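Here are my notes for your first pass through this one. Have the viewer open as you read.

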Amino acid sequence: MEQRLKELQQQALQEVSDAKNLKELNEVRVAYLGKKGPITEILRGMGKLSAEERPKMGALANEVREAIATQLEAKVEMLEKATVAEKLASESIDVTLPGRPVRTGNKHPLTKVVEEIEDLFLGMGYQIAEGPEVEKDYYNFEALNLPKDHPARDMQDSFYITEDTLLRTHTSPVQARTMEKNEGKGPIKIICPGKVYRRDDDDATHSHQFTQIEGLVVDENIRMSDLKGTLEVFAKKMFGEDREIRLRPSFFPFTEPSVEVDVSCAKCGGKGCNVCKQTGWIEILGAGMVHPNVLEMAGYDSKMYQGFAFGMGPERIAMLKYGIDDIRHFYTNDQRFNTQWNRA
Ligand code: 2NL
């Protein structure tokens with residue numbers, strides 16, 4: 001039995017040393033030290049030995065088992081270390097290599113200009129109001145002093161959806177709805193940004209879908225001078241503190257009086273150049289005092305309440321501000337155009 005134990009030890013140690021990986025090592029462990037292994041079997045058979053031999057053989061069997069277990073542990077540790085070393089070698093990174101640049105996105109130039117205009121008016125105490133793009137004929141035309149047979153309805157050829165619904169041609173219906181909801185009470189101080197639609201052939205300065213921002217102030221004692229002061233602040237903040245504005249008489253069905261507003265040319269400072277067509281002035285928006293009919297239709301007493309309103313095209317503002325020569329650039333998604341606007 002002593003001989004058999006020694007042979008087992010030698011054989012086991014050889015197999016431990018031959019094992020190439022943790023899986024093979026575990027197979028050796030199960031084969032020699034497992035419940036069905038030869039050493040367990042020998043220990044189980046101890047009862048048949050004489051009282052004299054039993055402790056001797058017992059001790060020896062335990063020694064053999066210990067020796068195999070110790071070698072196994074050592075080999076496991078060695079293989080694990082080797083695995084880690086191999087992993088470290090193969091996965092090492094050169095921390096001195098330059099990183100790969102991450103391309104960040106940027107807001108669309110039109111979004112930037114719209115947000116800039118919004119921030120400017122929010123700073124003057126205005127609230128932002130929005131409304132549906134598919135609009136009732138009533139709010140788009142009727143409530144704005146444009147009755148069914150009004151010639152101005154031809155002026156802005158529209159996309160009709162049914163007899164009395166259309167894609168809105170301006171954001172004024174949002175203002176008409178806001179006034180109606182206020183049930184004849186002031187004050188109102190809102191700007192309405194959004195998409196609008198007109199049946200135009202697209203070219204460098206026309207688009208069948210574009211953006212508008214309109215403003216409306218309704219209160220007691222609102223005067224033309226309030227409109228002028230507001231637009232002057234807007235123009236200077238938007239185009240530069242040394243810019244001037246001028247008001248020219250104009251006509252809109254929803255305002256009386258109506259004006260067109262120019263800003264002094266930033267390129268020539270008023271002397272006349274190709275940008276301002278030799279006039280020294282550039283048109284930026286239309287405005288006026290809200291027509292009494294519009295106030296009355298929305299439920300306001302026009303003797304008590306007055307209002308001013310204005311409307312502008314952010315595409316046009318952006319084109320002037322950044323020297324963009326074609327409105328279609330805003331909608332054709334050319335990345336050479338879209339990615340230029342992280343500055344400003
Ligand atoms: C332009 C001119 C304008 C308005 C819009 C307005 C709205 C209400 C009542 C009165 Cl509810 N007026 N809006 C007034 C004057 C001009 O827009 O050339 N826009 C690009």
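1. Start with the ligand. It is surrounded by 15 residues, with Gln-175, Glu-214, Gly-286, Ala-309 and Gly-311 the closest; a residue counts as near if one of its heavy atoms lies within 4 Å. Keep in mind that this is a predicted model, where local features need pLDDT of at least 70, side-chain atom pairs count only at pLDDT 80 or more, and totals for chains, interfaces and linings use all residues. Residues are numbered from 1 along each chain as its sequence is written, and side-chain values use heavy atoms, with hydrogens and water left out.

2. Now the polar contacts (pairs of N or O atoms within 3.5 Å; within protein, one must be able to donate a hydrogen and the other to accept it, and residues adjacent in sequence count only if both atoms are side-chain atoms). An N or O atom in the side chain of Glu-214 sits 2.7 Å from a ligand nitrogen. A polar backbone atom of Gly-311 is 3.2 Å from a nitrogen of the ligand, and a polar side-chain atom of Gln-212 is 3.4 Å from a ligand nitrogen. On its own the ligand exposes 490 Å², and the protein buries 88% of that (Shrake-Rupley areas, 1.4 Å probe).

3. Which elements give two or more residues to the shell around the ligand? They are helix H8 (172-181) and strands E6 (209-219), E9 (281-290) and E10 (306-312); helices (H or I, at least four residues) and strands (E, at least two) are DSSP runs numbered from the N terminus. E10 gives the largest share, four residues.

4. Strand E8 (residues 255-264) deserves a look, as Ser-258 is in it. Ser-258 counts as buried because its relative accessibility is 4% (buried is under 20%, exposed over 50%, partly exposed in between; 1.4 Å probe, protein chains only). Its side chain reaches the backbone nitrogen of Phe-252 at 3.1 Å.

5. Most residues other than glycine have a negative phi, and most peptide bonds are trans. Asn-221, in the loop between E6 and helix H9 (224-239), has a positive phi of about 60°. Lys-277, in the loop between E8 and E9, has phi near 50°. Asn-221 counts as exposed at 54% relative accessibility, and Lys-277 counts as exposed at 71%.
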